[in-house]
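Reader: I am new to this structure and would like to go through it with you. Could we begin with the charged pairs?

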Amino acid sequence: MRRTEARELLMQLIFQCEAQKDFREETKTGFVQENAIDEEQLGYFNKVWNAFIVNRDAIDGTIEAYSNGWKKNRIGKVDLAVLRLCIAEIKFLEDKDDIPEKSSINEAVNLAKKYSDEKSGKFVNGILGRIARGEEPSNNGKDK
């Protein structure tokens, strides 16, 4: 299994967990078994999952800060899952050198386009690009 496929499955798991409000380790374990994630990609899968779980509040805060005042519950669930995955990769992995930032963002945009629509790709790219460039969040306190 290529990393792209593992990333797509991880986005699906994050989406599923959000929909079911169930982020337990048992949920992840069952998902891994159901989807026959191979040993080669399991290390990556677990590493990014753990970065997401440990930093979920910070990741969600980052999403809200960079989405021009949109609260996370107003962001499409696919977009939210894609953003969570990519932010976990680019901000919270211990060994970030393993995953090039540009590759992570590019694949996030492709996932948004595949599972949502063209506007989602632009939305995801805009947020992730500003985070990657180290721009200040533009959250002006308006809640949408």
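Predicted model: local features only at pLDDT ≥ 70, side-chain atom pairs only at ≥ 80, totals over all residues.

Reader: How many salt bridges are found in the whole structure?

Author: The search finds 13 salt bridges. One of them joins Glu8 and Lys114, whose closest N and O atoms are 2.9 Å apart.

Reader: Where do Glu8 and Lys114 lie?

Author: Glu8 is in helix H1 and Lys114 is in helix H6, so this pair ties together parts that are 106 residues apart in sequence.

Reader: Is Glu8 buried or exposed?

Author: Glu8 counts as buried, because its relative accessibility is 15% and the cut-off for buried is under 20%. Lys114, by contrast, is exposed, with a relative accessible area of 54%.

Reader: And what does Glu18 form a salt bridge with?

Author: Its partner is Lys21, with the closest N and O atoms 2.6 Å apart. Glu18 counts as buried at 6% relative accessibility, while Lys21 is exposed at 58%.

Reader: Which residues are linked with Glu18 and Lys21 in a network?

Author: Asp60, Lys72 and Arg84 are linked with Glu18 and Lys21 in a network of salt bridges. Elsewhere, Lys71 and Glu64 meet through their side chains in a salt bridge of 3.9 Å, N to O. Lys71 counts as partly exposed, at 34% relative accessibility.

Reader: Let us return to H6. Which of its residues are buried?

Author: They are Ser104, Ile105, Glu107, Ala108, Val109, Leu111 and Ala112. These buried residues pack against H1, H5 and H7.

Reader: What span should H6 have, and how far apart are its ends?

Author: At 1.5 Å a residue, the 15 residues of H6 should span 21 Å, and the end C-alpha atoms are 21 Å apart, which agrees.

Reader: Now the nonpolar core. Which members of the largest one touch the most others?

Author: Among its 44 residues, Leu10, Phe45, Trp49, Leu85, Val124 and Leu128 touch the most other members. Helices H1, H2, H3, H4, H5, H6 and H7 each supply at least two residues of this core.

Reader: Which helix gives the most?

Author: H5 does, with 10 residues.

Reader: One last point: what is Phe45 in contact with?

Author: Leaving aside neighbours within four places in sequence, Phe45 is in contact with Ala6, Leu9, Leu10, Leu13, Lys28, Phe31, Val32 and Ile37.

Note on methods:
Residues numbered from 1 in each chain as written. Heavy atoms only, no water. Core = buried A, V, L, I, M, F, W, Y, C linked by side-chain atoms within 4.5 Å. Buried < 20%, exposed > 50% of the residue type's maximum accessible area, 1.4 Å probe, protein only. Helix = DSSP H or I, 4+ residues; strand = E, 2+ residues; numbered from the N terminus. Contact = heavy atoms within 4.5 Å. Salt bridge = Lys/Arg side-chain N within 4 Å of Asp/Glu carboxyl O. Expected span 1.5 Å × (residues − 1).
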